[in-house]
Amino acid sequence: MVEKLKFVLILLLAITFFIFPAGAENLYSAEEKQMLDLINEERVEQGVSPLQFNSLLNEASSAHSREMIENNYFAHDSYDGTSYWQRLQDFNYQSSTTAENIAMTVPFDVQKAHENLMDSPGHRTNILNPDYNEIGIGIWVGDYTYNGVTYSNTAMFTQDFGWSDSAAADEKEPLSIESCSPQDDFSSDSGSMQEFIVTANRPCNIRWLMDGVEVQEINNEQTCSYTTSKSSPGTYEVKVIADDGVSTDYREWSWTVVVEETDSSYHAYDFNQDCVIDTTEVSKAIDDYYAGKLDVGNISQIIDYWYLGSDGYC
């Protein structure tokens with residue numbers, strides 16, 4: 001019995017038929033989106049266009065996963081014996097070719113289900129097949145009884161693949177940043193406000209990073225700006241990343257901040273311009289040295305001026 005149970009838990013079925021069908025719904029929407037993202041990552045890696053959700057296919061796949069949980073069985077056919085392709089027709093999905101994958105995990109695990117499907121040649125072929133451009137993913141979780149033993153948190157996964165001429169017409173070009181400002185590396189005076197702007201070719205998620213640290217994230221926007229200022233002289237690395245879940249693009253700038261010296265006799269770290277490098281000013285210089293913004297010669301001179309105290313350096 002144990003061996004039979006193991007077989008049922010790892011069983012994955014794949015069928016591909018050429019038909020004229022229909023179906024879809026999204027109850028576990030976050031997990032279904034997660035599975036779609038995993039599928040599209042595999043397809044993009046193989047140079048295949050990503051799949052799009054089809055609401056009719058989602059309804060059909062969700063209904064089948066729920067039916068398998070509620071009736072304690074695992075098969076492509078519906079509980080009443082209706083074939084999977086007839087089920088798609090019953091949900092009004094029309095296509096010249098379709099395929100279906102089903103999987104089961106105990107406990108509920110989207111990543112494991114995806115890995116099991118990718119490890120199976122038939123399922124992998126369906127997932128990477130360029131003849132499909134849309135999909136429905138249905139997940140249902142509940143108690144599943146096999147040979148008198150009930151397993152809680154059992155997840156059924158149904159993937160219904162199809163082709164749509166309208167989806168093919170809507171296939172997106174790769175995400176790209178079409179314009180940006182500034183266009184090149186630049187410099188500015190310390191304390192001045194600096195605005196960075198990018199425009200992508202469609203709405204996406206946009207993240208801004210300063211010296212590798214994320215400072216701002218904006219979701220579902222096509223044009224996005226980030227404004228900041230820096231009081232300390234030095235060079236800062238600014239990066240923006242645009243991401244739509246399928247492809248990414250980015251831009252980078254080296255931003256050099258300089259101190260505008262109204263009187264060249266004052267040192268750049270003499271912020272008070274009193275010819276004295278005080279403790280606050282030397283501390284700032286030391287911080288900048290450790291941040292890589294000053295070299296040994298620069299910091300040595302500033303420390304020498306600090307030792308002069310009230311006698312001053314100018």
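This is a predicted model: local features need pLDDT of at least 70, side-chain atom pairs count only at pLDDT 80 or more; totals for chains, interfaces and linings use all residues.
Local features need pLDDT of at least 70, side-chain atom pairs count only at pLDDT 80 or more, and totals for chains, interfaces and linings use all residues. Residues are numbered from 1 along each chain as its sequence is written, and side-chain values use heavy atoms, without hydrogens and water.

**Strand 3.** Helices (H or I, at least four residues) and strands (E, at least two) are DSSP runs, numbered from the N terminus. Strand 3 spans residues 98–105. Eight bridges join strand 3 to the antiparallel strand 5 (residues 149–162). A99 has F161 as its bridge partner there.

**Aromatic pairs.** The structure holds 18 of them. Rings of Phe, Tyr and Trp (its six-membered ring) pair if their centres lie within 6.5 Å; planes under 30 degrees apart count as stacked, over 60 as edge-to-face and the rest as tilted. Two examples follow.

| Pair | Centres | Planes | Class |
|---|---|---|---|
| Y28 and F108 | 6.1 Å | 80° | edge-to-face |
| Y269 and F271 | 5.6 Å | 50° | tilted |

Y28 and F108 lie 80 residues apart. Y28 is partly exposed at 22%, and F108 is partly exposed at 23%. Y269 is buried at 3%, whereas F271 is partly exposed at 42%. Ring pairs also link F186, F196, W208, Y226, Y236, W253 and W255 into a cluster.

Conventions:
Buried means under 20% relative accessible area, exposed over 50%, partly exposed in between (1.4 Å probe, protein chains only). Two strands pair if DSSP finds at least two bridges between them.
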